[in-house]
Amino acid sequence: FLMTYISSRGRKGTDRKAAILMLEKLLTFAINPLQKAKVLMALISAQFDDVPAASFMTTDKWHKTQSSVNELLSVLETNHQMKVFETAEAHETDDDVKYKNEPINLRGSVIGFVDRLDDEFTKSLQNIDPHTPDYVERMRDTVPLYVTIVRAQHYFERCDLKDSICRIVLRRIEHLYYRTDQVNLHVEAAVADLPSKADSSMIPATAVGNMEAIVHNLCTYLYLNAEPLLRTRAMLMHIFNHALHKRYYVARDLMLMSHIQENVHQADVNTQVLYNRALAQLGLAAFRLGKIQESFDHTVELESSARQRELLAQGVSQQRTQQLSPSEELLQRQRQLPFHISINLELLECVFLTSSMLLEIPYMASANANPEARRAPISRVFRRMLDFNERQVFLGPPENTRDYIMASAKALASGDWEAARDNIQEIKIWSLLPDCEEIKKMLAAKIQIEALRTYLFTYSTQFESVGLEDLSAMFGMSKNKVYALLARMVYNNELQASLDEVSGTLVFNMANFEASSRLQQTALALSNKVNSFADINER
């Protein structure tokens with residue numbers, strides 16, 4: 001029957017369900033490991049064939065298939081003389097009854113079975129509403145699936161199947177990289193006592209219990225042995241994992257040394273999505289460390305795009321000018337990541353807009369000294385939102401993240417650092433970050449500094465000098481901090497002024513100001529336009 005089934009597989013009119021039932025019955029009659037392995041491989045293939053092309057495997061069917069894969073791995077683990085790989089010669093079935101545990105190679109693909117099992121699990125998560133108990137229930141299968149993947153890895157290492165090892169290690173990293181170390185340690189505990197662990201030398205005993213070392217060892221193996229595509233994907237996952245755990249400098253150096261950003265546009269779509277996710281996570285990591293400029297640089301490209309959901313594989317972006325065909329839309333939906341892997345888009349936008357505010361508001365204020373500044377905004381997205389907000393006839397109290405940031409930006413522009421700080425700290429999305437209170441303190445300190453810089457840029461044309469103690473009292477900063485900030489601004493030529501240490505004042509150089517007020521600036525611009533108009537008229 002086994003030979004008949006294998007020859008008829010895939011033909012039109014084949015009753016798949018009947019074939020599965022017959023194979024399950026045949027499995028009970030298998031008298032030796034060889035027969036068991038052959039029937040199990042045929043059974044697993046039949047179970048995967050029973051899934052409709054445009055659908056996904058139901059939970060019950062998936063559990064049965066996983067049980068078959070685990071049983072196959074158990075047979076292979078207990079019978080070291082048997083090897084299953086794709087390039088083995090086909091083995092005749094007639095002599096199976098006489099098998100006496102001699103070394104034998106079977107044609108089959110264990111890695112293919114595990115890959116398909118993992119893909120079907122992902123498909124089912126994509127098709128379940130993430131806000132229902134069903135999704136949480138389905139997520140419970142993550143750990144048993146991870147155990148199956150690790151068992152397959154141990155088997156491939158024992159048989160020294162290099163290509164399969166690389167593919168299965170990448171699958172293992174895919175299950176680890178997006179989760180925190182605390183969660184991963186619980187997952188790793190499930191594979192700590194596997195009997196097949198002795199077959200693996202990839203993770204030394206010293207790395208057990210240290211998730212950073214485990215992920216590092218898995219990625220290093222791929223860097224040394226895998227093909228370029230798998231190496232690139234492993235590198236991006238490694239970067240994401242470092243950034244997730246606030247190891248920003250390690251992640252950034254890994255990104256720069258790998259030169260991935262130079263060739264990523266030629267990569268496949270899934271690798272590009274992974275690159276975008278790593279970039280977004282780098283931006284969040286930089287922000288958590290108070291690196292505002294770096295955070296802005298990492299997130300600006302993503303946030304400036306109208307296709308942000310599509311770039312992160314977290315939704316289908318519908319544009320007015322472009323209608324997707326049903327096949328393209330289906331393809332995009334198939335690429336989407338399960339909900340629990342997603343990066344929170346509102347948090348990403350909040351980090352980007354807050355970084356933009358801290359960079360853009362002082363830059364706009366410095367336009368008094370540099371008229372060219374208005375023509376080249378640092379963040380066009382933020383400037384557009386601010387302009388729209390200022391054009392509103394009536395503004396109520398802030399209701400969402402954007403409203404709070406716009407209210408904070410206006411307060412910052414007028415030098416009211418306390419109102420700016422309160423508005424930013426009112427944003428509820430900060431609670432999603434693990435070090436929420438530290439971030440709020442960091443933002444309060446940054447707002448104090450930027451409010452002082454904005455105040456000096458805005459009113460520098462109105463003062464001859466200003467006392468350091470007055471600035472210190474006004475912005476709630478120590479005198480030493482104020483002095484250090486002013487010295488840096490003078491040194492960088494941001495202010496045309498000098499510091500008088502004896503009197504403790506900042507003395508502005510009035511001779512350098514062509515216009516000392518906005519009225520005079522407007523009048524100057526008008527006179528320049530009239531002069532140019534007169535010149536054109538004379539010609």
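Predicted model: local features only at pLDDT ≥ 70, side-chain atom pairs only at ≥ 80, totals over all residues.
Residues are numbered from 1 along each chain as its sequence is written, and side-chain values use heavy atoms, with hydrogens and water left out.

Reader: How far apart are the end C-alpha atoms of helix H15?
Author: Helices are DSSP runs of H or I with at least four residues, numbered from the N terminus, and the expected span of a helix is 1.5 Å times one less than its number of residues. Helix H15 has twelve residues, 292-303, so it should span 16 Å, and this agrees with the separation of its end C-alpha atoms, 15 Å.

Reader: Is Glu 71 buried, partly exposed or exposed?
Author: Glu 71 lies in helix H4, residues 59-78. Buried means under 20% relative accessible area and exposed over 50%, with partly exposed in between (1.4 Å probe, protein chains only). Because its relative accessibility is 32%, Glu 71 counts as partly exposed.

Reader: How are H23 and H24 oriented to each other?
Author: Axes are lines fitted to C-alpha atoms, for helices over the stretch in contact (heavy atoms within 4.5 Å), and angles run from 0 to 180 degrees between N-to-C directions. The axes of helix H23 (residues 468-475) and helix H24 (residues 479-491) come within 9 Å and cross at roughly 110 degrees. Angles under 35 degrees count as roughly parallel, over 145 as roughly antiparallel, 65 to 115 as roughly perpendicular and the rest as oblique. H23 and H24 are therefore roughly perpendicular.

Reader: Which residues of H24 make the contact with H23?
Author: On the H23 side, the contact is made by Leu 468, Glu 469, Leu 471 and Ser 472. On the H24 side, the residues are Lys 479, Val 482, Tyr 483 and Leu 486.

Note on methods
Helix = DSSP H or I, 4+ residues; strand = E, 2+ residues; numbered from the N terminus.
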